[in-house]
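User: Please take me through this structure and, for each term used, say what the term rests on.

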Amino acid sequence: MNRWAWLQKKKKQTKNGHQQVKTHGTDVFFSSSLDSNLEQLQNILGNNPDIAIRRFYINVYKVNAAVVFIKGLADKEQIHEQILKSIMLELQMRECYVKEDRATGSDIKEIIKDHVITLTDVEENNKIEDCVMEVLNGDTALLIDNVDTSLLLGTKKWPSRQIEEPITEATVRGAREGFVENILVNMSLIRKRIRDPHLVLDKYTIGRRSQTPVMVAYIKDITNDSIIQEVKKRLEKIDIDQIPESGIIEQFIEDDFLSPFPQLLTTERPDKVASGLLEGRVAILVDGTPFVLLLPVTITSMLQGPEDYYERWFVGTLIRFMRFGAAIVSLFGPSLYVALVSYHPGLIPTDLVISIAGSREGVPFPTIVEALLMEITIEILREAGVRLPKPIGQTVGIVGGLVIGEAAVTAGLVSPMMVIVVAVTAISSFSLPQYGAAIAIRILRFGMMLSAAVLGLFGIIMFAMAITIHLVKLKSFGVDYTSPFVPYQFNDWKDAILRLPYSVIKERPEMLKPKDSTRIK
Amino acid sequence: MNSSNEKITFIQATVVLTMTIIGVGIVTLPRVSAEEVQTPDIWISMILGGGISIVVAFFITKLCLQFKGMTIYQFSPILVGKWAGFVFNLFIIMYFILVAGYQARSMAEVLRAYLLDKTPIEVVIIVYIAVGVYIVISGIYSIVKLLQIYFPVVLVFILLMLALSITNVDFNNLRPVLGGGFIPVLKGIKPTTLSLAGIESYLILMAYMHQSKKAMKAAAVGIFIALFLYILIVIAVIGALTVDEVRLLTWPTLELVKSIEMKVLLLERFESFFIILWVITTFTSFIMNFHFASLGLSQVFKKAYKPFVYGLIPFVYLCAMYPEDINGVFKLGGYIGNMAIVVAGIIPILLLIIAFIRRKRNAKN
């Protein structure tokens with residue numbers, strides 16, 4: 001997309017500037033002196049209270065050594081049991097490995113690495129900068145005197161919340177597990193559901209300062225390569241100091257930042273990610289947030305929930321129909337009311353016109369003002385309800401919805417008919433399973449209302465056309481946003497607004513161009 | 001614009017043609033043809049007109065197959081020389097601009113008559129053109145996808161309209177068949193054929209098609225769908241209102257819709273649905289013609305496409321605003337019909353003959 005290219009061009013210029021700075025600092029390697037190595041590390045890491053440097057003495061070889069780690073990120077238990085205890089106590093007992101007193105530094109290192117340390121992850125490293133990065137990630141660095149490399153020992157144990165039920169995507173039926181803020185746990189939640197060696201997790205580190213681990217997950221022999229390449233290309237271009245949440249990544253890699261529609265799916269549910277991966281999508285996991293990104297997204301994903309697949313097929317189909325209707329009501333409701341009442345009362349049945357006119361008697365505002373007043377009140381209420389603690393949030397809902405609505409009608413500020421329209425619209429917009437999609441529709445609803453106020457039904461038609469035009473132009477990672485409806489992909493219609501029985505949907509979505517399209521044999 | 005490896009598929013080519021053909025004719029065709037034919041045999045004229053359109057489609061596809069991947073703007077200078085080709089192209093571009101303006105104006109006239117009687121027509125047309133530019137600017141592939149969205153909508157609305165008006169249709173109004181002999185039927189061929197104008201879009205579209213060899217088939221299917229819907233509309237309108245009345249009505253189809261009596265949900269009258277259909281059908285033809293005109297200019301002058309889209313806005317607007325009143329609009333419709341004969345009929349056949357002669361000569365040498 002043009003906008004994307006433009007953004008990238010702009011970014012490239014800044015990136016070049018940044019790279020120049022980086023090349024100034026050449027790589028620094030470890031020396032063979034323990035003291036100078038520790039001093040170097042201390043210089044980089046600073047005198048912070050969470051940095052632990054534990055010096056000790058290897059009796060057998062008569063050398064000094066030290067472990068460096070971050071308190072809280074590294075597992076103290078493991079450092080104690082598997083590293084210090086092994087080296088300081090057990091090495092002494094195992095006489096057979098003492099070759100000679102004249103063992104060289106590298107001999108000692110090899111022996112410790114191969115015979116002493118009982119951890120699973122052990123890596124050699126000779127660059128100080130890399131060593132620091134890993135230590136900051138929760139690994140432990142083992143430095144030995146006379147050895148010019150460090151041993152990086154995998155002792156990561158990041159603080160993590162318990163796995164809980166996802167709050168934003170509760171379902172009646174379905175797994176109660178939700179992602180947590182720890183990427184290692186999230187990875188395992190996905191792996192647990194897809195025990196397939198073809199599931200690939202590519203690691204990226206994004207954030208110059210935060211060094212946030214980001215994983216790109218896909219299934220090698222299903223997902224189309226062009227999507228994977230596109231994701232990687234866009235991820236590699238991100239150059240930012242910190243990634244606090246996956247939303248930042250979303251905003252960097254989406255196709256069109258002017259679109260109200262979400263171009264990546266966010267979810268807290270591992271089951272949803274797993275089935276997305278198996279459909280041929282790509283997932284992006286970001287450390288520090290339970291929200292995982294799924295892409296590419298098409299318009300159908302906005303109306304689908306995981307339960308559609310867990311319930312029997314006609315339940316799923318009917319619920320989807322209902323959601324579709326709700327989306328339409330939520331988008332067009334107030335604007336149709338405004339257009340019909342203020343421009344084309346002739347199109348409404350006579351009885352209804354009379355009762356609407358009766359209910360509007362004494363209301364001092366034009367319909368559009370009335371509608372905007374109520375819609376904005378509802379939006380404020382909703383925002384207030386989200387921020388407040390749960391019990392108070394409910395009170396606000398009752399006070400706002402019932403009391404204000406009732407009082408506004410009795411005071412003659414708005415007509416009861418308007419309250420009904422706005423309430424139905426609000427409820428409809430709650431029924432959409434995707435928060436991002438609901439927001440898009442809420443935004444567009446206001447545009448629709450304004451155009452209805454200016455040009456009546458014609459305004460609504462033109463605005464709706466503009467939305468369809470925008471959707472047609474929109475792409476998500478090379479996949480048309482309007483697929484599978486347009487271009488016509490009849491095979492995918494079985495699982496678009498309909499959700500036909502599994503005996504009929506035997507193939508993965510064609511629109512994602514999977515390498516392996518058979519789902520059910 | 002052509003950087004993507006997208007191509008127009010068979011289904012898309014069919015949809016595009018149907019949606020380009022179905023336009024203003026949906027409300028004017030019954031009157032225009034009733035004026036000429038004056039007997040209820042318009043549907044026979046329609047079938048004959050459809051036959052002629054398919055023959056024209058055959059010539060056009062034959063011509064374009066000789067120049068794969070090229071639009072008429074690109075191959076006409078090669079075929080007839082730089083200056084003659086330039087004149088041809090300019091004429092075709094003028095035609096497309098006029099059709100676009102005509103579609104916009106007719107849409108606005110109906111809207112003024114039935115929906116927004118106090119809103120200035122200029123505002124309606126400006127909004128319409130603005131939304132049109134929004135899609136035209138992004139090129140043929142986006143336009144085609146948009147037409148694919150609207151195609152089922154149009155189909156459903158037309159069939160719904162016909163189904164609801166079935167109780168009003170009195171088939172006695174369609175009899176006698178050939179009561180006035182063949183002469184009236186032949187008289188009706190010109191307006192009915194012209195109502196199916198739109199096949200000239202293949203002069204350009206075929207350059208972007210995936211399998212241009214199937215273009216003839218796509219054209220035939222596209223013409224057939226449009227013809228089928230038009231015949232149904234004509235039969236319903238004549239059947240419900242009689243030929244004599246239809247001749248005197250400005251927008252006969254809308255009168256048919258008005259006569260539908262039903263109360264579904266909140267709407268008493270079906271006109272609002274019809275207005276949606278009406279705006280969509282004219283819009284699809286409008287954007288296609290607008291796109292062809294701007295594409296033509298960009299290919300004739302070998303410059304970027306987008307500036308021409310913006311540059312054409314005032315011209316399309318002027319064309320739309322040029323007729324003073326509704327009679328002026330219909331007169332413009334008449335001129336456009338005559339131009340269509342040249343663009344879709346004479347020019348392609350002429351070029352085809354020239355291409356044929358040239359090939360013969362080349363073979364001799």
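Predicted model: local features only at pLDDT ≥ 70, side-chain atom pairs only at ≥ 80, totals over all residues.

Analyst: Residues are numbered from 1 along each chain as its sequence is written, with chains lettered from A and ligands numbered from 1 in the order in which they are written.

User: What makes a set of residues a nonpolar core, and how many residues has the largest one?

Analyst: The term covers buried Ala, Val, Leu, Ile, Met, Phe, Trp, Tyr and Cys residues joined through C-beta atoms within 7 Å, where buried means that 20 or more other C-beta atoms, placed from the backbone, lie within 10 Å of the residue's own. The largest such core has 185 residues, and A:Ile460 is one of those with the most contacts inside it. Helix α16 of chain A (residues 435-473) gives the most to this core, with 21 residues; a helix here is a DSSP run of H or I, at least four residues long, numbered from the N terminus.

User: Which residues does A:Ile460 touch?

Analyst: Leaving out residues up to four places away in sequence, A:Ile460 touches A:Phe332, A:Leu336 and A:Met448, among others; contact requires C-beta atoms within 7 Å.

User: Which residues of chain A does UniProt list as "transmembrane region"?

Analyst: The unreviewed entry lists, among them, residues 393-414 and 420-441, although such annotations may be inferred rather than shown by experiment. In the model, residues 393-414 of chain A are 82% helix, with end C-alpha atoms 25 Å apart.

Methods. Buried ≥ 20, exposed ≤ 12 C-beta atoms within 10 Å, placed from the backbone. Helix = DSSP H or I, 4+ residues; strand = E, 2+ residues; numbered from the N terminus. Contact = placed C-beta atoms within 7 Å.
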